Every structure is written in C-alpha cells, then in structure tokens.
Amino acid sequence: MRELKRKWMTLYSALMFAVIVAIAFFTLAYIMDQNTSYSYIIMLLVFFGVYLGTNLAKLARLKIPRYRIVKVVKCKKCGYVEVGVPQKGDYVFKETGTCPRCKGPMYIISIYREKVS
Amino acid sequence: MDGLDWLAWFIFIMLFAYISRELEIYRIIKEIESYISLYRYIRDKAVSTVISSFKETAAKVGAKIDTRQLEQRVSNLIESVLITPEERDPFGIIAKLKHVVLIQNETLTLEVKRLLPKAETIDIENLKNLLVAAHELNYIYKAVEHIYKQGRRFKSLWLLIQLQAQLPFLSEYVKALESSLESFSKGFPIGDSAGSMVAALFINRHLPSGSESIRPEELAENTIAVEVPFNGRRVLVIKAKGPSGVTGRLDDALERLIVRRGERPKVVVTVDAAIKFEGEKSGMIVDGVGVAIGGLGIEKFNIEEITTKYGITLYAVLIKMSIPEAFSVMSKEVADSMEKALNRVEEIILERTKEGDTVVLIGVGNTVGVVP
C-alpha cells in the first residue's frame, strides 16, 4: 500500500508540475500575444490541474498506519516479563531460555502487533 | 424567446444531462479501475510471497527447487477451483461438502509435499495457508474484473453501480487477506487464533501442579484433546494442533469423544473470534448460546447434530474483532482480551455446571503460532 501511494504521489506530482509550467507558459503567451485561443488552453489546463490537485490531496490525506510486532516473554516462576521482537518460528508458549532473575524457564505468553503511528 | 431559441435551450439541457451522466459513469469506472489495480497489486504480492516462502523453506531443509517449475505449480494451484456439491437435492449435502473440502486439503498437502518432500509439517501447513490466501485474492481480483468488463461491454450503469457499492466491503476482506500473508509466512498468531489461544491458556492455567508437560491426545487429524481438572469438574479441551496454521477437525474430535468413547459432557463451550460491528470495540467479549464456528458450516452442523442427539447444552464465548484483525497478526486489543475471555469461560463453567460434571471446551480457529 505504501509503495502504491508513493508511486501515485510521484506520478500526480510530476503531472501537476507539468500542468503548472504549461499554465505559466500559456499565460505569458496570452499576455504577450493577446491571442484568445491561449485562454481556452489555460482554462482546460486549469480544469486538469484541479482534477490532479483533488487526487493529490486525496492521496496525501490517506494515512497508512505503521505497526510493529512484539512478543511478551514471561518467567513461570517469578513472573519477570520481557518484551522483544519475535523471530520467524516463534509461537505462544514456546520456551525461550532462562530467566535472568531466578533462572526459571521463560515462555512466550503473547505475540501481537501494535500501532506505532 | 422564439422557437429556435427554445430548441437551442432544449438541446443544451439534453446535452448537459447526457454529459453529466457520462461523467458519472466515467467517475465510477475510474473508481472501479483503481480498486482493480489495487487488487491486482495485492494478488501479485501474494504470489511472490508464496514463491519466496517456498524458496525459504527449500533453503531451510537443504532442498533444491526449480524456480520455473515452482512458479508453474504455484500458478496452477492458485487457479484451481473447488466444485461444491449439487444443491438441487440438499439431502446429505454437508457430508458431501466435507468430503470435497477434505479432498482439497489433502491434494494441497500432496502438492506442497511434491515440491518440498523434506519440509516439516508446520512449514507445509503455513505454505498451504499462504496458497489459500493467494488463491482467494486471485479469485476476487478476477471476479471483480469480470463484472467490471461486462459492465463496460454492455454499457450497464447499474452493473457498475452495484459493483462500486460492494467494493469497500470487498476491499476490507482483500486487505485482511493481504495482512494474513505476513502472519502465515512468519508463523505468528492471527486474530482468528483467539479461540485456540483461550483453549491453550486454559490448559496452561489449570494443568495439575507436578505435571511438567502437557500430554495432548490426537483425536482427529491435527486436532488434540487435553483433560484438565477445574474446580471439581473434568474439562476436556479440544483445539487444533499448533503451532502450524491449521483449524483441525473439531467435529470429528467431538464425535470421537461422545459417540465412540461414551463421554457425556454436561455442556460444550465453544470459543471463537467473531466479526464486530463498526461501533463495537475490538477485543469485546460476548456470551452466546449455540455453536460458535464460522467457515462453510460443516463443523457447526456436525457439532449441532451430535449435541442435539445427546441433549448437550451449548454455550459460546465470542471475541469481537474486525475482518482485517481476524486475518492479520493478532492486534494488541485482541491479545489483551484473552485473559477476559478465559475468565468468562471459567465463569460459565462454574455457574452452569456442578462438581463432578464433564465439560468440553472447544478452542475454535486457526492455531497458527499457538501450542499445544
């Protein structure tokens, strides 16, 4: 999703930039030549710019939340708790070593994801 | 205004109405196209995740895998279809449906084993889950594209409007499947594992002191039962065998206990994840009466049949969550509610049974990342 958003943002921004440059060019041409056909082009470009701007604003407003996955490891004897990042193959109730406090067995009691931003 | 002006005005109004309708169709088409491109992207991501997971597992077991052959096989499996039994004569349809579903499951296992003969069961089950997710995503993408193309071909505004109206709901499901890719490729618990997790917590909390390890008995394929004493009651906990991503055969396990072994439980309590309403909070615990099992309805039907025949009371505990939460790595809200769900199960057993009664507790759902 994040990659898709980035891709479309880049595309819309590039097009928006091109439209602004074109509007500036035709406005200058209109001021210099006073040719009314330029004004029609400017009007069409403005419409296109509004369309692009709306889509760009929509994309910018789109919030994709970030998550992190954590595991909670607990000592069965003394209840000492540690929070860490789970490795591939970790599962709930897996023994993960000894307790640094009482040397009792430590078990993963939970693996979950929480929102970071 | 003379007649010509009126005509010009009328033509202008007609033209305006026509253009406005065309613009509306264009807007709908563009919206559907953006959804389709999102679905295509997610489908392709799923396929590449499946292929990379196969390669990782091959590297883990020291096997060599031909990439072209793998891609071909994965593509075939993703395109394969499950033909459901004929429904015009519905008599015995559940047994037929179960038969077809079991064949599909066995075929998928054989296909994965054919590609990776040395892979462990846990890896095989997780790869199967990834394949199922990719299969589902491929089907949704193709079905949506099909309706869209038909709508354009026949210039049917109504077909496009109907499709557009359903896309937000479908997108929820697609995003949920997308999130499940991460959980199954890493083997972490998902929201749907909540029922299995509560059953596992119950076993661990009430395991008699002195018994160092749990001795589960495999009652049916990938389904275990553990007997745990609880306040003078015998609690038989049934759940899928973890930590691989399986849902087990809960109906077969219950049938074995009640019909073949002659166990007569007073109540059967099912614990499962349930889809919440928009206004509800994730992790909310709800009581119920009946069998809490989703899916195709095979296990639900069979458990209802057995319990009705033997007059066993059915209670349920539901853990509420959204569709994306049910398929992605378990959210903190759901993980935090496990303790509450476990307490509610204990309350139900204490309040609705007497000492000396036998109770069956069924932890429903995919048990990925949860043992036993």
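Helices (H or I, at least four residues) and strands (E, at least two) are DSSP runs, numbered from the N terminus. This is a predicted model, where local features need pLDDT of at least 70, side-chain atom pairs count only at pLDDT 80 or more, and totals for chains, interfaces and linings use all residues. Residues are numbered from 1 along each chain as its sequence is written, chains are lettered from A and ligands numbered from 1 in the order in which they are written, and side-chain values use heavy atoms, leaving out hydrogens and water.

**View 1. Two cis peptide bonds in chain B.** Look for B:Gly242 and B:Pro243, joined by a cis peptide bond with omega about 0°. B:Pro243 sits in the loop between β3 (233-240) and α7 (250-260) of chain B. Another cis bond links B:Val371 to B:Pro372, with omega about 5°; B:Pro372 is in the segment after β7 (358-363) of chain B. Why point these out? Because most peptide bonds are trans, and most residues other than glycine have a negative phi.

View 2. A:Gln34 isn't a glycine, yet its phi is about 55°. You'll find A:Gln34 in the loop between α1 (2-33) and α2 (36-61) of chain A.

**View 3. Where chain B meets chain A.** The contact (heavy atoms within 4.5 Å) takes 26 residues from chain B and 18 residues from chain A. The side of chain B that touches chain A divides into 13 nonpolar, 6 polar and 7 charged residues (nonpolar: Ala, Val, Leu, Ile, Met, Phe, Trp, Tyr, Cys and Pro; charged: Asp, Glu, Lys and Arg; polar: the others, Gly among them). Zoom in on the side chains of A:Lys88 and B:Glu56, which meet in a salt bridge at 2.6 Å, N to O. That term needs a side-chain nitrogen of Lys or Arg within 4 Å of a carboxyl oxygen of Asp or Glu.

View 4. Not counting residues up to four places away in sequence, B:Phe202 touches several residues, including B:Val228, B:Phe230 and B:Leu361.
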